[in-house]
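Q: I would like to learn how to read a model of this kind, feature by feature. Where do we start?

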Amino acid sequence: LAAALDERRGLAGAEPVAWPAALDVSLRVDVAYVLQAVLSAGPPDRIAVRRLALAAGTHRAARAAFIEFLNALASRRRAGVVEVGGAGSGAYGGPGVASAPPRRLYLVPPSNSVAARLGVEWAPMESLFVVVAPPENA
């Protein structure tokens, strides 16, 4: 997977910072929760929006699994949640992961209405929007 840095909303292009090699989706939340509560919960300069897409040359099985995951989220109007950074996240690899500030990544299936609410552009492609926000208790 590759995170594209062309979607900007706060954090001045700071993300991805020490994202783990594998994104462990710990739970799923309603997309409406992300678009309403998460976006309005903190200052805009502490929230970023990125696009997560398959890297060129991704194996066919990995591509199929990604598309299946994307479709499952979209059909249920759910977003995947990944915790990154902070003391408890070093197990997922990469130098600096544990020392990075804690954040939540909300993996949101794209659509025109979601893109409009996030204030970003979207052209239909196999990708997810990633809303990067501080944890609720930060």
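Q: Which residues does R103 touch, not counting residues up to four places away in sequence?
A: Keep in mind that this is a predicted model. Contact here means heavy atoms within 4.5 Å. Leaving out residues up to four places away in sequence, R103 touches E15, V17 and W19, then V82, E83, V84 and G85, and finally V132, A133, P134 and P135.

Q: Is R103 buried or exposed, and in which element does it lie?
A: A residue counts as buried when its relative accessible area is under 20%. R103 has a relative accessible area of 6%, so it is buried. Its place is in strand 5.

Q: How many helices and strands are there in the protein, and what pattern do they follow along the sequence?
A: The protein has three helices and six strands. Their order along the sequence is β-β-α-β-α-β-β-α-β.

Q: How much of the contact set in the protein comes from residues 24 or more positions apart?
A: Take the contacts with a separation of 6 or more: residues 24 or more positions apart account for 76% of them.

Q: Where does I47 lie, and is it buried or exposed?
A: I47 belongs to the loop between helix 1 and strand 3 (48-53). Its relative accessible area is 1%, so I47 is buried.

Q: What share of the residues in the protein is buried, and what is the accessible surface?
A: Of the 138 residues, 38% are buried. The accessible surface is about 7200 Å², and carbon and sulfur atoms hold 56% of that.

Q: Which residues touch the most other members in the largest nonpolar core?
A: A nonpolar core is built from buried nonpolar residues joined through side-chain atoms within 4.5 Å. The largest one has 19 residues, and V34, Y106, V108, V114, L118, F129 and V131 touch the most other members. At least two residues each come from helix 1, strand 4 (78-84), strand 5, helix 3 (112-118) and strand 6 (127-133). Helix 1 supplies the largest share, five residues. There is also a second, separate core of 13 residues, with A48, V84, V130 and V132 among them.

Q: What does V114 touch, not counting residues up to four places away in sequence?
A: With those neighbours set aside, V114 touches V31, L35, R77, V108, P109 and F129.

Q: Where is the place of R77, and what is its phi?
A: R77 sits in the loop between helix 2 (60-76) and strand 4. Although it is not a glycine, R77 has a positive phi of about 55 degrees. Its relative accessible area is 43%, so R77 is partly exposed.

Q: What is the volume of the largest pocket, and which residues are the closest to its centre?
A: Rolling a probe the size of a water molecule over the atoms shows where empty space is left. In this model the largest pocket has a volume of about 190 Å³. It is lined by 15 residues, of which A41, G42, P134, P135 and E136 are the closest to its centre.

Q: Which element gives the most to the lining of the largest pocket, and what classes of residue does the lining have?
A: Helix 1 gives the most, with four residues. Helix 1 (31-41) and strand 5 (103-108) each supply at least two residues of the lining. By class, the lining has 11 nonpolar, three charged and one polar.

Key
Residues are numbered from 1 along each chain as its sequence is written. This is a predicted model: local features need pLDDT of at least 70, side-chain atom pairs count only at pLDDT 80 or more; totals for chains, interfaces and linings use all residues. Side-chain values use heavy atoms; hydrogens and water are left out. Buried means under 20% relative accessible area, exposed over 50%, partly exposed in between (1.4 Å probe, protein chains only). Accessible areas come from the Shrake-Rupley method with a 1.4 Å probe; for residues, only the protein chains shown count as cover. On a 1 Å grid over the protein atoms alone, a cavity is a set of points where a 1.4 Å probe fits but cannot get out, and a pocket is an open set with protein on both sides within 12 Å along at least five of seven lines; lining residues have an atom within 4 Å of a point. Grid points are joined across faces, edges and corners, and a volume is the space filled by probe spheres set on the points. Ala, Val, Leu, Ile, Met, Phe, Trp, Tyr, Cys and Pro count as nonpolar, Asp, Glu, Lys and Arg as charged, and the others, Gly among them, as polar.
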